[in-house]
Amino acid sequence: MDLRFTQQELAFQQEVRDFLNASLPEHICAAVRSGAELPRTVLQEWHEILGRKGWLGTTWPKEYGGPGWTPVERYLFDVECNRACAPRIVPFGPSMLGPVIQNFGTREQKDSILPRILSGEDWWAQGYSEPGAGSDLASLKTRAERDGDHYVVNGQKTWTTLGQHANKIFCLVRTKKEGKPQEGISFLMMDIPSQGLEVRPIRLIEGGYEVNEVFLDNVRVPVSNLVGEENKGWTIAKFLLSHERTNIAGVGISMQALEEVKSLARRMIRKGKPLIEDPLFAARIARVEIDLEAMKITNLRMLYQAQKQGHPGPETSILKIKGTQVNQELRDLARRALGPVAAPFPGTITEANLMFGPLNSEANAATYFNNRKTSIFGGSNEIQRNILTKAMLGL
Amino acid sequence: MDLRFTQQELAFQQEVRDFLNASLPEHICAAVRSGAELPRTVLQEWHEILGRKGWLGTTWPKEYGGPGWTPVERYLFDVECNRACAPRIVPFGPSMLGPVIQNFGTREQKDSILPRILSGEDWWAQGYSEPGAGSDLASLKTRAERDGDHYVVNGQKTWTTLGQHANKIFCLVRTKKEGKPQEGISFLMMDIPSQGLEVRPIRLIEGGYEVNEVFLDNVRVPVSNLVGEENKGWTIAKFLLSHERTNIAGVGISMQALEEVKSLARRMIRKGKPLIEDPLFAARIARVEIDLEAMKITNLRMLYQAQKQGHPGPETSILKIKGTQVNQELRDLARRALGPVAAPFPGTITEANLMFGPLNSEANAATYFNNRKTSIFGGSNEIQRNILTKAMLGL
Amino acid sequence: MNFDMTEDRQMLSETLSRFLADRYDWETRNRVAYTAPYTDAGRWSELAGLGIPGALVPEEQGGFGGTGFDISVVFEALGRALCPEPFLPTLLASRALEAVGKDQTGLVDGSIRYAVGISEIDAPYDLAGMATCARANGAGFSLSGRKTAVYGAQVADRILIAALLDGKPAVFEIDPRAAGITPYGMIDGGGAAEVLLDGTPAVLLARDAGALLNSVIRAGRLALCAEAVGAMQFAYELLLDYLKTRRQFGVAIGSFQALQHRTVDLLTEIEQARSITIAAADALDGPDGDLKAAMAKNLIGRAARLVAEETIQMSGGIGMTWEYAGSHYSKRLVMIDHQLGDTDDCLEEVMQSYAA
Amino acid sequence: MNFDMTEDRQMLSETLSRFLADRYDWETRNRVAYTAPYTDAGRWSELAGLGIPGALVPEEQGGFGGTGFDISVVFEALGRALCPEPFLPTLLASRALEAVGKDQTGLVDGSIRYAVGISEIDAPYDLAGMATCARANGAGFSLSGRKTAVYGAQVADRILIAALLDGKPAVFEIDPRAAGITPYGMIDGGGAAEVLLDGTPAVLLARDAGALLNSVIRAGRLALCAEAVGAMQFAYELLLDYLKTRRQFGVAIGSFQALQHRTVDLLTEIEQARSITIAAADALDGPDGDLKAAMAKNLIGRAARLVAEETIQMSGGIGMTWEYAGSHYSKRLVMIDHQLGDTDDCLEEVMQSYAA
């Protein structure tokens, strides 16, 4: 039993820190720290910085131009980036499509698609969920019918994160109606724009736009855009589900959020004393800090298991559940700490910095509301509990 | 909207208080307050005191010798008794069988059974649950087969509260195998002792004995002991389930428990100050006090509805759920307040009063464990949630 | 004991609910809630015409209500419709004006809008930490300091300000045009402003006004609790509807027992919230008024957050969208805790009653 | 990074578990747990022969362990079997003796039993509130005061006592025969005693022993956490078995989704408890030792209560019975919070680290 990282891992951690110190622009940090939505330009700039360093495809083996990191190195990279307030890598190209192409793509697909992901040239979106099929992918209805060298695609996708910025999208579509619902699903790539494809933003609870609906009306897609075999898309979907879960707990994000809460609670005054000295508020912080401290170890234990077994097990669903609980609790505290100062709708204060600038916390309530998504999207916590029931309890 | 009781109700409340002042013996109070199991003699003594006053059959109309109280009066009586640390009335005769006989019994049954309940002469037990059918009464297996003027009963009952003290028991038994499981159940009364009937105590988690198994091996029961029609026992079971729920929340018991917790927290010292001044402990008390304060009103609101409608609705399940939560939380606090002093197994301290006498709280841990039953027995909180789902959500 | 509403209050409730349904549809609500000046002048007048501000004012002051149950009936209906009109500042002002015996004709007929500034950034919930202070200034006074999140101040004709005078809290009236007003919309809808006072001329309404301000605050807390009860009830009904109609894995998601039991727990907490609000309304101007209001605001803070978060979660992605009414109910339910004393603050007030 | 046990510790764990399975069956356990003197002398010797006390003692002191992970391996196995033998006092004593460099041969070979008295009724978890005090008495010292819930004191050959000397906590050794010992069984099994000191002669082991006592307490906390992890894991397995086999309404009750999701939440908390215990074991004698032990004991207090209560609830009536092993696990899991600092106390220690 040894919780220390190896010398090599520590050296790697230092290398990441040095890189972030040198290469993460201050204006990007500041944008992340503000809690506001990040414009495409900021995300793109960061992608390109990582791309130049060769660190955008964090899970990619060296043969495809990736860094060839171990799971622990990926974990360290993720945590350090979060702690440094780097933007999260938009995962659809680098972390999702990349590995799919590497494992299921043709030679031509590998050659044409992978380099453009690594360079940050292509911005991919994901078309999985549908209005009638959120967590229940087997029931999806978007259909692709063969017409010569093309598929003709009709249907609707939803919850397409940052789709408004994308020039490419990969979708799960139904190519066969008969048989079990999981059979007859295929994995198809499309261009944006395409004739008949329309991306409409969905406004979220706090007022921001980060997810979209995608309408598909007789969109013609070359058959060469199929990944893997026709009707075998379910295999790819399952591969993705179990593929990249090293950062599923969001430990680094929560560590950063905890620091922000503490810092806020030291500055806010209640009854003549810093809020952090209020025993009920301090108790709230302490409880979540303890949960986070435990979760760090839980995360490392599962990483260690995954490294030994070669793949993460269903128990990583625990990380999703607890990770979102800890994160949401921290967002709750940041909002709560502000008291009445949390009230303003971001952007409606006309005299900038006069009012809430010094507290630098205008977005805390919005962030709290926005982060309610984390326990819903990407497989809701209820779905995670179902997975765990099935896999670990044998029920 | 008016939360005040009527003049008449207040006068009634005063009458109950006066009665309790005058007639509840100090040694009985003390026994209740100690938290220890009450011996049969104590319960019997209290039953007889109430019987003499005519207040044992609290739900009984005057025509059967009851006090003819309104639901509000019954509520006030229950709360005052709890507050005064009177023993709870063992309900199986006075609150359960009595109303059943009044509604479903023959003239002969009314004449022979009711007076002996009111006088405290008969001590009834209930045989509902079976090892394979706890909350799921429809699946019960104990069978009664007709043989001339008798039924011959075979099977096993369990969770028979205070059955070790009883001289009578009423049971649900299966008299027909065909048809729906709810059909074919009958309501049968038996004597204790009877040939072939054995009562075996079950030891509970904290070490006490208050429930029993009842084994029935060819017990012969006269057909005249059937209540209502053969195969119509389900109707009686449902009647009982919805009959007496005015005190289901245990408001008086929780009010008393709250006072005890506060008093304990004033006497226990932590870090040089009374425990009640520890902000985390005080916060625990305050939260449950607020919940109890709300529950008092919730209880009155439902009482008011029941009085208007003539019967309580399924929403009273809320009282069971919240009532047990509040009660269990208070028991948790009483145990918690003691710190290491909670450790001893009641009865194992040989030098009486030397150690824990002054704190008068030796049984607090045992009471906490024992009270975990309240959310399980009498229709578990899960069953209550199912009832509410069905009745109020229409799901 | 009687848990039925009086006929008068029942009529008031129905009148207000009908008006909100007819004249304050969801589109109107969202426009007003999220667009400056966060009130609709025409509908405000209509509401005044229906007597809604008047229901918050006692008869002796020109109204026809003003008791705890009048307040709770009005705010429960407002909460159910998630109405963003600034009735909370109206109520706060009315309580203050009542205490000093000032004429409330303009408040009752809706022609004069009031706001009340009590909170400060570093003393949001306690009078003792207040830094804004008054200085005698010839015939009148001048105020200096900053009041934060002053609800309705963006459209107020007059603002009542709590400020220290000789070390004790006092209440003043100012003309907003003489102060620095920075208006903004609130994340859950409706408007507020920061009020900057820098030698702002003021009229003294009440000296040594600790008790007066407590009476203002506890009435405000009651109103917020009642508003939350109305909003929770509606959010719960929306959720039920969603559970019954939304299908997943081939069945209505309401058939999943895990969701059923969580829904029952919401129902339980909503009923408890309703009960404690009744207790606070009943006790409003009695000896337990402050205590019961603090109890109610604490329970509401816990219940409303639970209802807000669980209805989002159980409504899946839909609950996260602006388009779905439920998301706005969730926002309001959470943000109510940021007004006039939060869960912890109110709990601490209850804990203080334990001090021997 | 390596989360595998060393081969030595794995062997220790297996040896102990096998012994407990073979020689400490459930009937034996219940007899020893609930019958004075709450230890089985023969089996205690056998356990000593297996080297269990020795695993808690560093090599320099005659043992072959004594690190955080040695402690956690031993107590997790004890917890899994719910073994009531007094290893906690053995550990506490060993930490104290180690600090003062005293010979531990008798402790390691099981021939001398120790107990440690720190808690008092009015100062159960804090050294500062201690009232027991020492008076110099010619060559030696005499102690007066009362120590409460001294685990294992009912069979101890020697008792170490924390008492004030010149206003600072110090550690003494006494002969139990010279003190008033009132032994009793504990509600969750095992024995303890009240120790009454009235001029009891004592040998001084350490002056100014605040740091020493903290080291004793944090090792004890770690042991209790590990014990709880073992007990939670077994209680969870019992529950799973129950959910799979018990039928209601015609199906296994484990098919009810509400119970499934609650069971997953238990699993989550147990894994978290295991993790924080690993963190505390790792940190035991480092700079964060006290903090991590307090964190662990807080999380364990929350998780263990949840597991205890939920396993009772989900096992229905069976979980309430003495006959069912699960009920004894629930009792132990709840009562661990009453030893060496409870949930709130440990949380407050973590909160103190926030003071600027």
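Biologist: Which residues of chain A does UniProt list for "domain: Acyl-CoA dehydrogenase/oxidase N-terminal"?

Modeller: This is a predicted model, in which local features need pLDDT of at least 70, side-chain atom pairs count only at pLDDT 80 or more, and totals for chains, interfaces and linings use all residues. Residues are numbered from 1 along each chain as its sequence is written, chains are lettered from A and ligands numbered from 1 in the order written, and side-chain values use heavy atoms, without hydrogens and water. UniProt positions follow the numbering used here, with shortened feature names, and annotations may be inferred rather than shown by experiment. The unreviewed entry gives residues 6–121.

Biologist: What is the helix content of residues 6–121 of chain A?

Modeller: Helices (H or I, at least four residues) and strands (E, at least two) are DSSP runs, numbered from the N terminus. The end C-alpha atoms of this span lie 35 Å apart, and strand makes up 0%. Helix accounts for 67%.

Biologist: How many residues of H4(A) are buried?

Modeller: Helix H4 of chain A covers residues 71–83. Buried means under 20% relative accessible area, exposed over 50%, partly exposed in between (1.4 Å probe, protein chains only). The buried residues include A:Tyr75, A:Leu76 and A:Phe77. Of the 13 residues in H4(A), the number buried is twelve.

Biologist: Is D:Asp166 buried or exposed?

Modeller: D:Asp166 sits in the loop between strand S4 (158–165) and strand S5 (168–174) of chain D. Its relative accessible area is 68%, so D:Asp166 is exposed.

Notes
The expected span of a helix is 1.5 Å times one less than its number of residues.
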